[in-house]
Amino acid sequence: MSTLFISDLHLSAERPAITALFLDFLRTRARQAEALYILGDLFEYWIGDDDLADGFNASIADGLRRLTDRGTALHFMHGNRDVLVSQVFAARCGASLLADPAVVDLYGTRTLLMHGDTLCTDDV
């Protein structure tokens, strides 16, 4: 088995090619993994979990749910673009929410996970 990490996809309806690649990834490579960690900015923007009524957002949540229903563990960390993702989204996808930063045990090795924006100390 393997563990996969992704971040900063910035999915949006305005970028259908990236979305199609992501959904294909969920149907293929990700299904072979023990776990998938999304380390922030999955979405270009997330205005709140009531946004799950939007067809685009629902399609992403449903794709993630199909992945978790097949047994792949899903972990989600907020980024600066999707900081409003909450337990409603996580429940819809079958995901667990991670704090930023988080330390996880990865095959016997303590591993630090971060979205990384806190490291951009020169941003204005």
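Counting salt bridges (a side-chain nitrogen of Lys or Arg within 4 Å of a carboxyl oxygen of Asp or Glu) gives 4 of them here. The model is predicted, so local features need pLDDT of at least 70 and side-chain atom pairs count only at pLDDT 80 or more, while totals for chains, interfaces and linings use all residues. Residues are numbered from 1 along each chain as its sequence is written, and side-chain values use heavy atoms, with hydrogens and water left out.

Let's start in helix α1, which covers residues 16-27; helices here are DSSP runs of H or I with at least four residues, strands are runs of E with at least two, and both are numbered from the N terminus. Asp-24 pairs with Arg-27, with 3.9 Å between the closest N and O atoms. The two sit 3 residues apart in the helix, so about one helical turn separates them. Asp-24 is partly exposed at 36% relative accessibility, and so is Arg-27 at 47% (buried is under 20% relative accessible area, exposed over 50%, partly exposed in between, with a 1.4 Å probe and protein chains only).

Arg-65 is partly exposed at 31%, whereas Asp-69 counts as exposed at 55%.

Arg-81 and Glu-44 meet in a salt bridge at 2.4 Å, N to O. This one links distant parts of the chain, 37 residues apart: Arg-81 lies in the loop between β3 (73-77) and α3 (87-93), and Glu-44 in the loop between β2 (35-39) and α2 (55-69). Arg-81 is partly exposed at 36% relative accessibility, as is Glu-44 at 25%.
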